[in-house]
Amino acid sequence: MSLLNNLINGISLGSVYAIIALGYTMVYGIAKMLNFAHGDVIMVGAYICFFATGQFGLPPVVGVILAMVVCTVLGVVIERLAYKPLRQAPSLAVLITAIGVSYFLQNSALLLWKSDPKSFTSVVGKGSFKLFDGQLTITHVALVTVVACIVIMLALTWFTGNTKMGKAMRACSEDKGAALLMGIDVNRTISMTFAIGSALAAIAGALYCSTYPTLMPTTGSLPGIKAFTAAVFGGIGSIPGAMLGGILLGVIEIFAKAFNTQISDAVVFAVLIIVLLVKPAGLLGKTVREKV
Amino acid sequence: MKKMRVLSLAMAAAMSLSLLAGCGGGTSSEPSTNPDSGSGSSTGADVITIGGIGPLTGSAAVYGLATKQGAEIAIEEINALGGLQFALDSQDDEGATEKAVNAYGKLKDNGAKIIYGCTTTNPCVAVAAETYNDRYFQLTPSASSTDVTAGKDNVFQVCFTDPNQGKTAADYIKENNLGTKIAVIYNNGDAYSTGIYTAFQAEADEIGLEVVAVQTFPDDTNADFTVQLTAAKDAGADLVFMPIYYTPASLILNQAKTMGYEPTFFGCDGMDGILDLEGFDTSLAEGLMLMTPFNAWGEDERTVKFVEEYQEAYGGIPNQFAADGYDCIYAIYEACEKAGITADMSAQDICEKLIATFTDSSFSVDGLTGTGMTWGTNGEVSKAPVVVKVEGGVYVTQ
Amino acid sequence: MKKLTPSRKRLINNSITYGMVIAAFVIIQIMKAGGMLSSSLQGLLVPICAYVTMAIALNLVVGISGELSLGHAGFMSVGAFSGMVFNIAMQSAIPVAPLRLLCAMLVGAVFAGIAGVIVGVPVLRLRGDYLAIVTLAFGEIIKNIINILYIGVDENGLHFSTQNEAALGLAEGGKAILKGPLGVTTNVKLSTFTAGFILVLVAITVVLNLVNSRTGRAVMALRDNRIAAESVGIGATKYKLIAFVTSAVLAGAAGALYAMNYSSVAAKQFDFNASILILVFVVLGGLGNIRGSIIAAALLYVLPELLRDFYDFRMLIYAIVLILVMLATNNPTFKQFFGGLFARLGRGSRKGGAQE
C-alpha cells in the first residue's frame, strides 16, 4: 500500500515538474535558449497568488488568474528588455543573461517581500480522499495538479497543432529564416511563447506551493532545475516529452527517497544519465540528423 | 568573433578602472556608514564597533536577519543608557564560508573590534580560525557545533551546542515518558541537524529509548516528506523527534495532518519561529513540544519589552535567533563594563581582556534565553534548557 | 600597420597574457609590502587565483572544445576534498608547509583527473544541451556522495564510512577528517598568494600550449565542424576527452588551493550555482579567450565585495551589471558603436571569424 501511496505522491510531484517543464520546453523549442529565470517566475507567481488570497482575501481562482496575468506581463517584459536585444548573439550569452535575470528576480523578491518564509495557503483546500480504510490517501491538491497538467498538455498540443499562432510557433522552431520569409512575425511569436510559458509558470507556482507550502525568494530555483532536467529527460522541445519526463522524474524521485533519502538526488540524476546515454535526445526527442 | 572579444575586454577594462577607483576608497578605514544598522545615533571616537556576520541574502537570510535585528535592539538599548557606546556593522555572508571570511576582512577594514557571528555553523568555523589567528574576540549567537569553539580560546557561544541538545532531548523524552517508540526525521545535509541526531541516538541507546525509524532528508530538497512520514507511521512511532529548522518542520506538520498521522512531535531550538510563519495554520502545531531557550510569550518584564520593541521595529514575533542575538550584545556589553574596555583599545587587547572576563567564574549574564549564563574555557555556554508546548497558538513552558 | 605572421602574432598575444598576470602579481606584492592593501582585498587574493584557474580550465572545455559544462564545481570539490584529506593525514609526515601544499594540489589534481575520465567517457558521447545537463547531473552526484562520506585517519591509515563518525571505528588518537554534511572543519590553512600565482601561471602555460599544439588544433577543428574534422581522421572522443580531463585536472588543483585557504569547507559550497558562477566568468571574458577569462574572473569576484557598501542592494546591482554587460557586448547596435570606436583607435578589428 505504501508503494501505491508513493506512486500517487510521485505522480503529483511529477505533474508540477511537468507544468514547469512545458514552459521550459516551449521557450527552448522556439527561442533555442535555456531560460534559467523560469524558476523565479514561478516564485513571483506564487507570491502574487499568496498576497492576493491571503492579504486581500480574494478567492483562490482569482488569485491564480491574477498571478497568471502578472507573470505573463513579467515574462513578456523580461523577453523584450533582456532577451530580444540578444537575438543574434551566441546562445551562451543569452544563457548568462537569463542567469542575471534570475539573480535579479530573486534579489528583488528578497527586498520586496523579505526573507522570512511564508506558509502558502493551498488554492485547493486541505481535503483528501481516503480509500481502503484510510490506507490510501489522495489529496485534492494532488488530484487537481494531475488534472491541470493533463488539461494543459492537451490544450498546448491542440494550440500548436491547430491555431494560426500555434502553427507559427512550430514554423519558427523549425526555421526562423524561412518562417520570416513566409510572413510570420517571428518577434511576436517569440513574445507569445514567453507569455504562455510564464502563465504556465504562475499556475505551476500556485500548485507547487499548494503541495509544499513554503514560500521564500529562493523557492523557485530548485523546481526550476528539476523541471529543466525533466524537459531534457523527455526530449527538449517536445510537449508530450516534457509531460512524460516531468512525471517520470517525480515518480523516480519519490521512490529513490523511499529507498534511501541520503542519495535520492544522486539516484534521480543517475537515472537521467543512463536514459540520455541510451537515448541521447531524450525519451521522446527527435534525433536530428546532421547534414554534411 | 574577434570583435566581440576585443569588446568584452574593453568592457572589462572599463569595469576594472571603475573598480580600482572603488578600491582606493575602500582601503582607507573610514567609519562604517551602515544605513540600516539603526545604531549609528552616536558617532565619534568613543564608539566600539562590533562586526556582525550572517546571511542577509540567500536561502538562510531569515536566520541572519533575525540575529542582526535582535542585536540592533540590544545596541539601541545599551546606547540609550549613556555608558559604553556600540555600533553594529553587519556584513552579509550569504551563508557561505568564503563569503564569511571575505566579510570578516571587510569588517577589519571598517575598524570592527569585536566579532559577533556568524549565524550559521560552517561559516562560523572558518571565521573562528581567522579570528583565532588575528586575536579578535568572537561571540556567536547561533552556530552551535562544537567545532566552532574547539581549540580556539577566543570563540564563545550563546546557544546550546548540538550534542548538548540531542542528549538533553533524549533524557527529557525518557524522563517524562513522552513516547515509547521514537522516530527521527533529520536533515542529513545540515551540520546542526546531524549533530543533534548523532548525540540523541547515542544517548537513546544508553538510556534504553527505542528508536524505531530514522529518516533523513537532504539539505536542498526539503519539499516532500510523505516518504519519511509514511516510514515513521509504518514503524508505529508515537513520537517523532525533529531536530530541524522550522521551515521544513512546517511542511512535515502539514503533510502529517493530510495523512492523518498524529504522533507527538518534538523539536529543538531551530523549531522556534514556526508560530510566526506567515500564513501558517498554527492549529497544525498544536501539541508540538520543543526545547527552546526563549519563549516570546513569556511574562517577565524584559521579554515583554523586547518583544514589544521588536514588533515596533521590524514587525512579527522575535524567535530565539533574535533573542540569542540580543543576549550576545548584552553579554559583550557586560563583559566590556566588567573588564573596563574602552574604544581606544586595540582589538587584540580587547580580545584578551574579554576572554579573561568570560571565563571568569564570577561573570554571569542574565538574558532572554537564560538567567545566570556562564561560560567555560571551551567557549560553551551553560544555561538551563526549557521545554515548551504549543497550546492555543502560544508557548506554554512545561 | 605591418602585417604580422600568425605565429608571431600569437607569440605577442601570449606574452601579453603572461605579462599581465606577472605585472598584477608584482604590483600586488609591492602594494602589500607598502601596506597599501586593505585586509579585505588581501583575503580575496587566494580565492581570486582559484577562480581564475577555474575559469581558465572551464574555458578549455566551453570555449576551446565547445562543450557546455554545468558541473565544473564538482571537479573543484573532488580536488578540494582529496587535497584536504591528504593535507590533514600527512600533516606530520610532511611538515614543510609549501611542500605539503604542492603535494595536496597534485593529489587534488590527480583525483579530479580520475573523476574527469569517469565523467568524460560517457558524457562526451552526447552533444549540446544534453551534454550540459549530464555534466550538471554529475556535479550534483559528486556533491551528494561527498555529503554522505565520512573519512577519518588513525595510525592504521584512512577509514571510510557512509554512516556516521562513530562507524569509522577509529583507533585511539585517530581523528575524523571529513564529517559528512559538516564537511572538513579542522583543515590546516596552507594557501598563499604566491602559490595561487604559480598555479595560475601553470594553468595558462598548460592551456596555451595545448591550444597551440596539434592536439589543440584538432580540438578546435572538432568544435568548428565535427563532421569535417572526423572525415579527415580526427577522433572526436579522444581529443575531446584530452581537453575535458586536462580541464578537470586544473579544476582539481584550483579546488585544492581554494580549500587550503579555509579551515572549514563543506560539499554544499560546490553546487550548481558555483558552476554557473565560473561559467559567467568564462562567457563574460569571451569564449576561447584565456586573457578575458582571467580578467573577468578577477573583476567579477571582487565586484560583490566592493558593493558591500551598498548593503541591501549589492546582489541586485550585481545582477543588473551582469545583464547590462551581456547586452553591451552582444547587442549589434552597441557592438557597432564600440567596434567603430576601436577601428578609429587603430586597433584593427578583423571582420568575422570562424567562431559562432
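This is a predicted model: local features need pLDDT of at least 70, side-chain atom pairs count only at pLDDT 80 or more; totals for chains, interfaces and linings use all residues.
Local features need pLDDT of at least 70 and side-chain atom pairs count only at pLDDT 80 or more, while totals for chains, interfaces and linings use all residues. Residues are numbered from 1 along each chain as its sequence is written, and chains are lettered from A and ligands numbered from 1 in the order in which they are written.

**Chain B against chain A**

Here 34 residues of chain A meet 31 residues of chain B; two residues are in contact if their C-beta atoms, placed from the backbone, lie within 7 Å. On the chain B side, H2 (61-81), S7 (210-217), H7 (226-234) and H8 (246-259) each supply at least two residues. Helices (H or I, at least four residues) and strands (E, at least two) are DSSP runs, numbered from the N terminus. H8(B) brings the largest share, six residues.

**Two domains in chain B**

Chain B splits into domain 1 (17-160 + 300-384) and domain 2 (162-292), with bounds from an automatic or database domain assignment. Their centres, taken over C-alpha atoms, sit 30 Å apart. Where they touch, eleven residues of domain 1 of chain B contact twelve of domain 2 of chain B.

**Make-up of the contacts**

Ala, Val, Leu, Ile, Met, Phe, Trp, Tyr, Cys and Pro count as nonpolar, Asp, Glu, Lys and Arg as charged, and the others, Gly among them, as polar.

| Side of domain 1 of chain B that touches domain 2 of chain B | three residues | eight residues | no residues |

**The core**

The largest nonpolar core holds 363 residues, and Ile19(A), Ala55(C) and Leu257(C) are among those with the most contacts inside it. Such a core is a set of buried Ala, Val, Leu, Ile, Met, Phe, Trp, Tyr and Cys residues joined through C-beta atoms within 7 Å, buried meaning 20 or more other C-beta atoms within 10 Å of a residue's own. H2(C), residues 39-64, gives the most, 18 residues. Both domains of chain B contribute too, so the core lies between them.

**H2(C) and H9(C)**

The axes of H2(C) and H9(C) (residues 236-259) come within 9 Å and cross at roughly 170 degrees. Axes are lines fitted to C-alpha atoms over the stretch in contact, with angles from 0 to 180 degrees between N-to-C directions. That makes the pair roughly antiparallel (over 145 degrees). Residues making the contact include Met54(C) of H2(C) and Leu250(C) of H9(C).

Technical notes:
A residue is buried if 20 or more other C-beta atoms lie within 10 Å of its own, exposed if 12 or fewer, and partly exposed in between; C-beta atoms are placed from the backbone. Angles under 35 degrees count as roughly parallel, over 145 as roughly antiparallel, 65 to 115 as roughly perpendicular and the rest as oblique.
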